[in-house]
Amino acid sequence: GCVHHDNGPLGSKAIGRAEERRVELLKANGYNAIRTSHNPVSRAFVDACNRLGVLLMEEAFDCWDAGKNSDDYHLFFEDWWQRDIASMVLRDRNAPAIVFWSIGNEIPNRHVARGAALSAALSEYIRHLDDAGGGSRRAITSAYPGVGTDAATAAFLAPLDVAGYNYSPHGFARDHVTHPARVIAATETFPESSVLNFNALQDYPWVVGTFIWTAIDYIGESSIGANGHSPPDPLACGGYCPAPWSYHISFCGDLDIVGGQKPQAFLRRVLWNVSALEMAVKPADDGEVIASWGFPDERQSWSWEEQKRLMRVNLYSTRCACVLLALNGRNVSEGCVNVSRATAYTATVRVPYEPGTLEATGFDARGRAIATRTFKTSGPAAKLRLAADRTTIRPSRADLSYVTVEVVDADGVLVACANESSLAACVPPTVRFKLEGAGEITAVGSGDPTDASSFHQLARKTFRGRATAIIRPGSPSAAPPRSGKLTLTASSAGLASATLTIELRGGEVVS
């Protein structure tokens, strides 16, 4: 998948643990390769890929000597491109994670002779630098949008080892006829085309990988993945629908800016064999219009507001032959519903909503139950619950603990508003954080793309029942002690508070 440079609520800070966590989260969700878009990444990110066994396409530029904006890199390209490429390649050419060097993304002058000449010049310069590192030269690519059959496109792609196809699945089979030696990587793909690209990897051995745009939400390109609900909603354009306010997040990622799974991740976890069965729900008649980089707004929840409203339940699997769906013990899927490549690995059942327990059971071709997924309707919000990605961290400014707060009912079921607009009857609780000990709450956040409040406040409105606090040992003016404890308390009006302790232990102290 593609990742931008930011670390969500931390902004552009490349804190070592934040970089490592991004790679960990992606690997846990089935990713085995990352494209750095559209710049080289930090040493910490490369090191994390090396340790965790995730392949890396490191990208140099978003433009060359023709710019995309009046004040971008094209002003400096002629004087700096060799130095900047050398900086990237010489630093990382011994990194085992690196399998591709990308010389650029959607280069503006790719259609003219100058673009083809630069494609050759940059490729040869990287080969010279990488060969000098021991002869195990990596493949060179460049991301090209809307790949056509014209001579200018062929001239630009010819110097590359791998042709980067942005949003061009129509060319996979077509171009193999005229360019049988061409190796292709789908360097950017739409979330809704995940099954199409997954199938391409099975069918076309010359397509060596696909990279979703994007793996993780990022700050900027506001709302390109946000869907609308029927015109005149400005987000209901069904294409590229950027909104300047109050959106400030792209909202096109498999994961949100604090690392939570978004709807497309449910399907993709099945495609990449992380999960045998996933279930996702949304109203069947909500008039949702999907953006180009969007995906249907499905939830892993059976807590909705309107009795008897018709709900669409999608059941995703590549391992199950069929799936049976039961509501409160009753079969509501009219038997076991087929799920296969022919159904895009999706079985869809429409069910009138009633509170209770929704359970899906997946069966293999021999009729054996091999997977289940269960959702329960929540009761009223009763308390907060805290969970940290790690409760023991190093006493180092380079380490972090990501603590997620959840709003739950008396039985521990997540409580989330089905509709979180300002006009909805359900108002998401705001959680306040307090930390005791030699550390700081360095940032707070949630997956909400429209919450533009400061990441540095000590309170956050929950989004779909969750928010996150990022804990960092020490402070800007004081290094952390070599050992100790940090105690985080989360509170919200009308809810039982929660407390969690993080231990500082081991490792070098880095300030």
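Student: In this predicted model, what is the handedness of the disulfide of Cys322 and Cys336?

Tutor: The sulfur atoms of Cys322 and Cys336 are 2.0 Å apart, and a disulfide requires them within 2.5 Å. The torsion about their S-S bond is about 90°, so the disulfide is right-handed.

Student: Which parts of the chain does the pair link?

Tutor: The two cysteines are 14 residues apart and join distant parts of the chain. Cys322 belongs to strand β13 (residues 322-327), while Cys336 sits in the loop between β14 (330-331) and β15 (337-338).

Student: Is Cys336 buried or exposed, or in between?

Tutor: Buried means under 20% relative accessible area and exposed means over 50%. Cys322, at 17%, is buried. Cys336 has 33% relative accessibility, so this residue counts as partly exposed.

Student: How far is the nearest cysteine sulfur from Cys63?

Tutor: Cys63 is buried, at 4% relative accessible area. Cys63 takes part in no disulfide, and the nearest cysteine sulfur belongs to Cys2, at 18 Å.

Student: Which helix gives the most to the lining of the largest cavity?

Tutor: The largest cavity holds about 120 Å³ of space. Its lining has 16 residues, with Asn7, Gly8, Arg21, Arg22 and Ile257 nearest the centre. By class, eight are nonpolar, three polar and five charged. Four of the lining residues come from the top contributor, helix α1 (residues 16-28).

Conventions: Residues numbered from 1 in each chain as written. Predicted model: local features only at pLDDT ≥ 70, side-chain atom pairs only at ≥ 80, totals over all residues. Heavy atoms only, no water. 1 Å grid on protein atoms, 1.4 Å probe; cavity = no way out; pocket = protein on both sides within 12 Å on 5 of 7 lines; lining within 4 Å. Points joined across faces, edges and corners; volume = space filled by probe spheres on them. Nonpolar A, V, L, I, M, F, W, Y, C, P; charged D, E, K, R; others polar. Buried < 20%, exposed > 50% of the residue type's maximum accessible area, 1.4 Å probe, protein only.
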